[in-house]
Amino acid sequence: MSTQPGPVGAPADVHRGAPEGEPLLAATDLVAGYVPGVDILGGCNLVVHPGELVGIIGPNGAGKSTLLKALFGLVSIRSGSVTLKGEDITNRRADSLVRHGVGFVPQNNNVFPSLTIEENLQMGVFQAPKSFDERFEFIVDLFPTLGDRRRQRAGSLSGGERQMVAMARALMMDPSVLLLDEPSAGLSPVRQDETFIRTRKINRAGVSVVIVEQNARRCLQICDRAYVLDQGRNAYSGPGRELMHDPKVIELYLGTLATDVEGGAESA
Ligand SMILES: Nc1ncnc2c1ncn2[C@@H]1O[C@H](COP(=O)(O)OP(=O)(O)OP(=O)(O)O)[C@@H](O)[C@H]1O
Ligand SMILES: [Mg+2]
């Protein structure tokens with residue numbers, strides 16, 4: 001079984017392997033950019049169904065972060081649409097999206113270093129402060145460390161721990177979908193693994209997740225489905241483990257050396 005080559009061909013191929021039914025989040029033919037006249041996204045498509053863990057991989061500069069930022073109202077969408085549970089949310093402001101169930105964890109500067117863990121989590125729920133206790137309980141259930149160390153300043157934590165706080169902060173508003181931009185970046189391999197395990201744990205707790213990753217193999221291992229973006233367009237899509245073994249995806253995006261060294265095993 002081979003994955004569908006891009007750029008996007010027949011629309012039916014774009015979301016290969018996606019479940020039937022109404023998506024939770026859908027981006028259709030997104031065109032977006034920063035500078036007038038320069039489109040970074042040239043017609044991107046993405047769907048996330050309830051309960052899915054969806055990966056986005058692709059080379060540097062492909063537009064992965066731009067796609068997440070466009071979904072979260074931080075980059076203006078020039079054409080195309082975004083829907084959440086069937087409702088149009090194109091170009092909706094980030095604070096409104098948070099209230100409607102979209103969480104976003106940017107790659108950098110995603111915690112308040114001078115605040116404690118608990119204060120960071122309070123910031124996550126400033127739009128609904130009364131729900132703090134209930135949400136904090138949920139978070140501590142998921143990540144007990146954060147409860148034990150609630151009075152510790154976020155700035156004194158390791159990179160991996162800070163990522164955990166950033167994810168927890170976004171989870172405080174009980175999002176139905178969480179957008180994560182490269183949560184494993186800059187971490188040691190062991191800490192990267194912990195981040196992927198944590199991501200899956202969040203997903204198994206019922207939160208749909210979109211995860212952008214440089215560590216493409218790990219990402220494909222944990223996600224249900226993935227999209228490969230290249231130059232602002234969909235290049236390939238399909239179930240994570242199928243993409244991981246697709247010769248074209250390996251050659252273009254994963255690197256054949258890794259496959260040779262590992263003998264094609266998934267134990268990377
Ligand atoms: N704030 C900005 N202003 C102008 N151009 C930008 C801005 N941010 C990103 N770009 C440009 O948009 C393109 C896509 O960048 P983006 O950050 O979305 O890529 P990416 O796939 O996330 O890459 P990486 O893997 O390096 O994180 C790049 O050419 C980049 O230079
Ligand atoms: Mg990026």
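Guide: Start with the core. This is a predicted model. Its largest nonpolar core has 77 residues. Ala168, Leu179, Ala226 and Val228 have the most contacts inside that core. Helix H7, residues 159-171, gives the largest share of the core, with 7 residues. As a general point, nonpolar side chains in soluble globular proteins tend to be buried together.

Ala168 is then in contact with Leu121, Ile139, Phe143 and Leu146.

Leu121 and Ala168 both take part in the contact between H4 and H7. Helix H4 covers residues 117-124. H4 and H7 pack at an angle of about 35°. Their axes are 7 Å apart. The crossing of H4 past H7 is right-handed. From H4, the contact uses Ile117, Asn120, Leu121, Met123 and Gly124. From H7, it uses Val165, Ala168, Arg169 and Ala170. By type, the residues of this contact split into 6 nonpolar, 2 polar and 1 charged.

Now follow the chain out of H7. The loop between H7 and strand E7, residues 177-181, holds Asp174. Its phi is near 55°, a positive value in a residue other than glycine. Asp174 counts as partly exposed because it has 15 C-beta neighbours inside 10 Å.

Gln231 also deserves a stop. It sits in the loop between strand E9, residues 225-230, and strand E10, residues 233-239. Phi of Gln231 is near 50°, and this residue is not glycine either. Gln231 has 15 C-beta neighbours inside 10 Å, so it counts as partly exposed.

Next, turn to the ligand. Around ligand 1 are Tyr34, Val35, Ile40, Gly58, Asn60, Gly61, Ala62, Gly63, Lys64, Ser65, Thr66 and Gln214. This shell divides into 4 nonpolar, 7 polar and 1 charged.

Two residues of the shell, Lys64 and Thr66, are also buried residues of helix H2. H2 spans residues 64-71 and is mostly covered, with 7 of its 8 residues buried. Just after H2 comes Gly73, with a positive phi of about 75°.

Asp88 counts as exposed, because it has 10 C-beta neighbours inside 10 Å and the limit for exposed is 12 or fewer. Leave out residues up to four places away in sequence, and Asp88 touches Ser81 and Thr83. Asp88 and Val140 are 52 residues apart along the chain. Their C-alpha atoms are separated by 33 Å.

Finish with His245. This residue is in the loop between helix H10, residues 240-244, and helix H11, residues 247-254. His245 is partly exposed, because 16 other C-beta atoms lie within 10 Å. His245 and Leu74 are 171 residues apart along the chain, and their C-alpha atoms are separated by 34 Å.

Note on methods
Residues numbered from 1 in each chain as written. Chains lettered and ligands numbered in written order. Predicted model: local features only at pLDDT ≥ 70, side-chain atom pairs only at ≥ 80, totals over all residues. Core = buried A, V, L, I, M, F, W, Y, C linked by C-beta atoms within 7 Å. Buried ≥ 20, exposed ≤ 12 C-beta atoms within 10 Å, placed from the backbone. Helix = DSSP H or I, 4+ residues; strand = E, 2+ residues; numbered from the N terminus. Contact = placed C-beta atoms within 7 Å. Axes fitted to C-alpha atoms, helices over the stretch in contact; angles between N-to-C directions. Left-handed = near helix turned anticlockwise from the far one by under 90°. Nonpolar A, V, L, I, M, F, W, Y, C, P; charged D, E, K, R; others polar. Near = placed C-beta within 6 Å.
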